[in-house]
Amino acid sequence: MNEVIKIFGPNRLKGDIRVSGSKNALLPIIAASTLVDEVRLQNVPNITDCYFMLSIFRELGGNFTWLDNQTLGLGFSKAKSDTLLLPYVTAVRASILFVPAILFAFDHCKIFLPGGDSFSPRPVNYHMAIFEEFGFKCSLSKNYLSINRSRRTPNRVTINLPFASVGATQQAILMATFFRVNTEIFNAAFEPEILDLMKFIKSLGVKFQVLFSRKLIRVFPAKRSKPRKSHIFKVQGDRIEFITWCILGALCGDLVRVTGYPVKWLKRPLEVIHETGARIKVESKDTVLVKTQGRIKRVSVECKPYPEFPTDAQPLLAVLATQCDGNSTITDTVFPSRFSHCEELKKMGAQITVKGNSLTVKGPTKLLGASVLSHDIRASASLIVAGIIAEGETTVDGIHHLKRGYEKFDEKLRSLGANIFTMEQEVDHFC
Ligand code: EPU
């Protein structure tokens with residue numbers, strides 16, 4: 001049997017929705033929990049990627065307990081293995097953030113190449129360059145990465161990132177913290193999930209200087225070896241989930257109140273949704289009201305690192321563009337081939353042309369229910385959103401991807417009035 005999501009559309013949505021804890025903030029924080037003896041994490045989403053990271057954490061010698069359905073207690077003393085050749089490692093990209101804990105304990109490490117969504121090539125060369133700056137030599141084979149100490153870690157480290165990479169910025173922060181080296185990260189990424197990691201690490205005595213205008217982060221690690229015990233940390237809300245509900249509100253919201261994320265960190269995405277003509281009202285510092293406004297104006301958007309429009313919301317914006325008046329263009333400068341959702345949306349009637357790293361979406365187009373297959377987390381969400389506004393029955397397969405990053409997505413949609421169900425479907429076997 002295989003789980004699929006069925007939607008009977010079109011639906012109008014109304015009501016209040018609160019975002020869950022952020023996947024992309026949580027995963028690095030689980031890796032950073034190897035820095036403390038004990039930590040209690042609150043606002044933890046129940047998503048598969050969290051379970052994968054916890055399995056790796058346990059394999060390294062850590063322990064964890066669910067204290068309630070959103071609170072995790074984690075304990076760690078020292079990495080017990082220098083090798084991470086587990087299937088979970090290839091399932092999540094953030095698994096590479098466990099390397100600093102292993103290198104700190106053993107001075108060498110062998111790890112499967114990290115996985116995650118495979119919508120674009122996702123090399124690890126920036127991570128390797130960081131390990132090398134800290135005195136290690138890396139060698140890459142087809143499936144794994146070996147890292148060995150080649151010289152002493154210098155007293156100061158300077159990292160120059162070729163691109164403002166989220167994972168590489170987190171990696172540099174973790175290496176600096178473990179090896180207690182003052183570190184400068186030029187061309188750093190500033191996604192709010194990185195700020196959450198810094199907030200977590202800051203409570204361990206590490207100091208940061210964040211120079212946003214110079215794209216520079218300076219890390220001044222604590223001098224003592226082990227930070228205090230019984231640390232409590234609340235993971236921030238999910239930024240991309242917040243944008244997902246806002247886009248749904250713009251498409252078919254009678255009035256959707258979205259809450260649980262600082263609106264000040266959503267300036268560009270809310271501006272884009274507002275430019276389409278949707279009514280958006282900021283009700284408080286973490287709540288907005290969104291309502292559709294009939295005719296939707298076309299968009300021209302470039303997805304770039306924060307504070308620009310995020311690549312993770314690009315597939316959702318593509319669905320919004322199918323309902324815009326005229327030709328919309330969306331360019332993804334972060335992941336130039338993150339377009340698996342487009343072929344599926346075309347099965348529903350969308351008129352999309354992909355050229356290089358850009359999409360042209362002709363609208364408005366009436367979408368019709370169809371059987372579609374999702375290939376990654378955000379593609380799953382976008383196909384479900386398309387199913388909500390489409391006429392008739394839509395079946396979305398491949399929803400294990402959705403569960404990697406979204407908590408109770410169908411349940412939350414039902415609470416807004418959507419006709420959406422998760423069902424078991426028999427798998428066809430061909431001989
Ligand atoms: N890059 C390299 N070499 C590297 C690292 C990155 O060339 O060693 C390139 C990538 O190929 C990409 C660009 O740099 O073209 C940016 O990638 P980045 O490193 O920023 O992405 P990431 O850290 O692998 C995180 C999120 C992604 C999100 C991106 C961009 C996590 C666990 N993942 O990935 O989230 O799309 O940042 O914001 O935090 C998702 O949630 O659906 C998701 C894929």
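Trainee: How many Å separate the centres of domain 1 and domain 2, taken over C-alpha atoms?

Mentor: Domain bounds come from an automatic or database domain assignment. Here the two centres lie 30 Å apart over C-alpha atoms. This is a predicted model: local features need pLDDT of at least 70, side-chain atom pairs count only at pLDDT 80 or more, and totals for chains, interfaces and linings use all residues. Residues are numbered from 1 along each chain as its sequence is written.

Trainee: Which residues belong to each domain?

Mentor: Domain 1 is 2-19 + 238-425, and domain 2 is 23-220 + 230-234. Contact requires C-beta atoms, placed from the backbone, within 7 Å. Domain 1 brings 17 residues to the contact and domain 2 brings 14.

Trainee: Which helix gives the largest share of the domain 1 side?

Mentor: Helices (H or I, at least four residues) and strands (E, at least two) are DSSP runs, numbered from the N terminus. Helix 13 (residues 400-405) leads with 3 residues.

Trainee: Which residues of helix 4 are buried?

Mentor: Buried means 20 or more other C-beta atoms within 10 Å of the residue's own; exposed means 12 or fewer, partly exposed in between, with C-beta atoms placed from the backbone. In helix 4 (residues 99-106) these are V99, P100, A101, I102 and L103. Just after helix 4, D107 has a positive phi of about 70°.

Methods: Contact = placed C-beta atoms within 7 Å.
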